[in-house]
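Hello,

Here is the structure we talked about. Please have a look, then read my notes below.

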Amino acid sequence: MEREPVITRAHKKTVPGVPRARRSLYLHYVLEPFLYLSPAILLIGTVMLIPLLIGIGYSFQSIELLNPFNTGWIGIENYLKLWSDRKFWIALENTFWWTFWSISFQFLLGLGLAMLLNTQFFGKKLFQALVFLPWAVPTFLSALTWAWLFNPVIGPLPHWMTALGILSEPYNIMGDPDL
C-alpha cells in the first residue's frame, strides 16, 4: 500500500505542474533575461535617476539664472511661491488640455487609419506607403548617415581611425568578415 504524500509549506511554494527537479530550470529561464538586461536597466536608470535627483535638489535652492554659483538652500519656499502663482495654474491647465486633446486626436487618427487600412479599396497599397513613409524615412536616413560615416572613400571614421593608427589604411570596416 502506498502512502499519501504529506503536503508541507515548502510544497505549496512550488510552481504548479512543474516537477521539483525542473523548478530550478524554470526559474533559470524566468530570471535569465533580467540578468542579461540588468546592465542596460542600470544604465537607463542611472541616466534618468541622476538628473531627476539633481532637479529635485535644485527645486529646494535659490538659483539665479545669470549667477548660477550664487545659490542657497531655501527649503519649500519655491513650492509655496508656485502654489500661490496664478500663472502657474493657468499654465498647468493649458498643459492638461493640450495633452488631453493631442493624445485624443492621435489616438482617434491612428485608430481611424488602422481601420481604413484594414479594409479593401482601390489604391490601398499607395495609401499604405504614404501612411508609413514618415515612419520609414528617419530609419532610412539614419542608415544612410551611418553608411556615409563608415564609407572608406568619403567617410570620416575610417580616415580618423587611420590617423590614430587603429587601421593601416581606410577600408570598408563593415564589410570585413574578420571584424
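Predicted model: local features only at pLDDT ≥ 70, side-chain atom pairs only at ≥ 80, totals over all residues.

K124 belongs to helix α5, which covers residues 124-149. The residue is buried, yet it has no salt bridge. Its nearest side chain of opposite charge is E32, and that is 39 Å away. What does the side chain of K124 reach? It reaches the backbone oxygen of T119, at 3.3 Å.

The structure does hold one salt bridge. It joins the side chains of K81 and E77, at 3.6 Å from N to O. Both residues sit in helix α3, residues 77-83. They are four residues apart, so about one helical turn separates them. In general, an α-helix has 3.6 residues a turn, so residues three or four places apart point the same way. Side chains of opposite charge can pair when their charged atoms come close. E77 is partly exposed, with 37% relative accessibility.

Back to α5. This helix has 26 residues. From first C-alpha to last it reaches 37 Å, close to the 38 Å expected at 1.5 Å a residue. Where is the kink in α5? It lies at L133, shortly before the proline P134, and amounts to about 50°.

Best wishes

Conventions: Residues numbered from 1 in each chain as written. Heavy atoms only, no water. Helix = DSSP H or I, 4+ residues; strand = E, 2+ residues; numbered from the N terminus. Buried < 20%, exposed > 50% of the residue type's maximum accessible area, 1.4 Å probe, protein only. Lys, Arg positive; Asp, Glu negative; His and termini not counted. Salt bridge = Lys/Arg side-chain N within 4 Å of Asp/Glu carboxyl O. Polar contact = N/O pair within 3.5 Å; in protein donor to acceptor, adjacent residues only side chain to side chain. Expected span 1.5 Å × (residues − 1). Bend = angle between axes of the 7 residues up to and from the residue.
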